[in-house]
Structure formats: structure tokens, C-alpha cells
Amino acid sequence: KKRRTHFHAFMLEVHQRMHEIRKSGKGRADIASVATQIVERDGTLFCFDEFNVTDVGDAVILRTLMDSMWDQGAVLVTTSNRHPNDLYKNGIQRDLFVPCIKRIQTSCSVFDLDSSIDFRLLMTADLSMYIVNNNDPKLIESSENELDKWFTKLAHSIPPRSMTLVTQGRKIRVKQTAAGVASFDFAELCSTASGAADFLAIARAFHTVIIHKIPPLNLERLPEVRRLITLIDVLYDHRVKLMCSAAAEPFHLFTADKSASQDEAFAFDRTASRLQDMMSEEYMVKMHSPPGQSVDGASASVEAREYCASLGELHHELSEKEVKALWDMYDIEMDGVLTRDEVRMMLEDISYLKKGHRNVPEENFEEAFDALDANHDGRIDKEEFVDFYQRTGVRVWYMV
């Protein structure tokens, strides 16, 4: 058995497991026990993308976590933008992390794959969705108006509303959202005590994120810089579409003396590269890949995997072929109508694709069923189904 995942997502899972153990009151939430659970469930081969440490909470537990996994025979393959010696450089209480670095060096072979070419920058870039305001009040006002117009266009003029996401007992307030698009001020995301768990929840819930007023960044704003680095990593890895206004173009947004030897000064080059790539046509046409979007079970049929991939695209206007595919999938009795149980199954599948679970609250199910059941006869015929989905697509159901 093997597992490949982004390092942010893996550490989020570790913290989630510890949170659940503490909440249940069953046993002590020690790192070694969590490591044992992970190895028993996922096997002994782990592949991590973007191994990086910027959080003191991760730094403190990684030594015991990695020691326990290796002691149980786990094999680690990982990519990182830093040599092991430079991980968590100048971080708080780094002395607690140094033994982990030494174990990485003794347990892993390190290969330098440095290249003078950033292949993400070879793609054709269109920066029209990255609006530079130069921190000028007049330009800031015009850029905000332009982003508001983008929101209206992307949301297909559906009235915006507020909502609250919940992750690990924390609440993330979203002031403006509609049709899978969410709008935030930079300060809401990066000037508060937010982290990878919050950003993963956002990447799961929204296919497009609009960020207003990214300010000039420097070493005096390190907490915000770190959060922005993590935010862009998460959005990029899950192919969330991004539009934003900022004080400068990506590679001039963060100013720091490279001799300062700060992790963030080094890492922000990758962030700037990703910001630029996220404005390219090649990135824009990629399908949103939210955390948890997969089909249960390794033996799932090819048809089911292809279907779920199609469903995951969540177009606003579905083609006749896509609507027919949806109908055929859930009209299990092939009687020309969808029962409440069949509609519930569909909503649970969409919830799984977008949230990683099939828990659809009863009030949300009733709201969805009522919206589909135009003539209120307690069942959904194909005309009602086609009419609704051609107008709205399927994305609305993971917003409720």
C-alpha cells in the first residue's frame, strides 16, 4: 500500500486525528499513536509534495511523527524547495526540529534537481485577472470595481450571500459567495489566525476565489507572508481559479533582502511563479480538483471514475449530454422520475466530491428537493431536472 499527498494536507490530517482523539476522550493524543494509525491504514510508502515547514506547531511534532513512522518501516519520498539543512530556517524553537533534520539526512538520499528554468513561466500568461493597483487610492478603487464585475459575471448574476465554513471546530466566515465563487479581502485570509486547514476548506468549497487588496509585503509582515504562501500553495494544488488585486506584480509583491536567510524570502519566488501561472489560459482550463475528490475504493469501475470526474467539473450550464448522463446515473429504477432516495444519493455524491464526505443535512436536502420539484408533486420528472440543471449546473449543492 502506498499514498501520495501534499505535505500541507498530510499535516492537516495529523492535527485532525489528534483533535478527534482529544475530543473523544479516548486515550492520549500522542504523536506516536497517530503515526501508528497512519501507517496501519495507508501502508509503508509515502510520497509528499512540497515538504516545507513554516509552522512551529508542525516543527514541534514532526520529529516524533517521522521517527515513529520510520521505526515502523515507512519509506518516504518527497519533493521540497529546500535542502534538509535549510528546512524551518530561522524558525521559532528550531532547536526542537533539528533532530528531525538529522533523521531525514540519515534515512533519505537527497538529490538536487535544481534547474535554471521555471517551467511554469513558459506558459502563456494573461495577467488581466491579476490587477496591479500600485497602492494608489484611485487605482485601488477602480481595481475593486473591476473585481466586483468579475464576481457578478462568474456568479452568473446569482445574488451573493454570506456563509460559514466549519473545519476542525473552527469557523471561516465568507462574507460574499455565489455559484461556487467566493470573495475575500486579503486581511480576512492572511491577517487573522488562519492556516492550511482553513485554506483547504476554502479550496474544497469554492472553484474560484477573488482576493481584494493584497498589500506590499516585506519581512515586517512575515505572518501574512507565510499565510499567503500557504494559501497560494493550497489553491494552486487544487486548481482553484484566482482573481485578485495587488500592490505590485507577483515578483515585486514581496521585497526582502535575500541575505536575510528567511525561508519566506526563498519560498515567495515559488509563490510569485504560481500566481503568474494561475493567470494563464493553461491553468484556467484545468478542472477544479478539491480535497477529497475521488471515488471510494480502489476497485471502482472505470465508468464510475469517469462519471465522477465529469461531475466534478461542475459547469454552470450543463450540456444535454451531461444532463442525460446525470439523469441516467440516478434514475436507478428507470421509470422516468427521481424519488427522494435517488435525489439524496445524487446530493451525497456531489457532497463527497466537493467536501470529502456524504453528510447532507436534512434541511439542505429539503431545500434542494424543493428547488428541483417545480410542481411540488413529491418527485422529480426529467423536464424539471433538465430545466433546473441547465440553468444552474450542479455547483449550488455544495454551497448549502
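First, the conventions. This is a predicted model, in which local features need pLDDT of at least 70, side-chain atom pairs count only at pLDDT 80 or more, and totals for chains, interfaces and linings use all residues. Residues are numbered from 1 along each chain as its sequence is written, and side-chain values use heavy atoms, with hydrogens and water left out.

Let me begin with the open sheet. Three strands lie in the order β1-β2-β3 with parallel pairing; strands here are DSSP runs of E with at least two residues, helices are runs of H or I with at least four, and both are numbered from the N terminus. Two strands pair if DSSP finds at least two bridges between them. Because β1 (2-6) and β3 (75-78) each have a single partner strand, they stand at the edges, with one side of each left without a neighbour in the sheet. From one strand to the next, the twist averages 20 degrees. Four bridges link β2 (residues 45-49) to β3 in the parallel sense, and phenylalanine 48 stands opposite threonine 78 in β3.

Next, the antiparallel strands. β5 (residues 161-167) and β6 (residues 170-178) are paired over six bridges, with valine 166 opposite lysine 171 in β6. They form a hairpin with two residues between them, and glutamine 168 in the turn has a positive phi of about 50 degrees. β6 is also joined to β7 (residues 181-185), antiparallel, by three bridges; glutamine 176 has serine 183 in β7 as its bridge partner.

Turning to the helices, the axes of α2 (residues 31-42) and α3 come within 8 Å and cross at roughly 45 degrees. Axes are lines fitted to C-alpha atoms, for helices over the stretch in contact, and angles run from 0 to 180 degrees between N-to-C directions.

Finally, the second largest pocket has a volume of about 720 Å³. A pocket is an open set of points on a 1 Å grid over the protein atoms alone, where a 1.4 Å probe fits, with protein on both sides within 12 Å along at least five of seven lines; lining residues have an atom within 4 Å of a point. Of its 30 lining residues, the closest to the centre are Asp55, Asp58, Ser194, Gly195 and Ala196.

How values were computed. Points joined across faces, edges and corners; volume = space filled by probe spheres on them.
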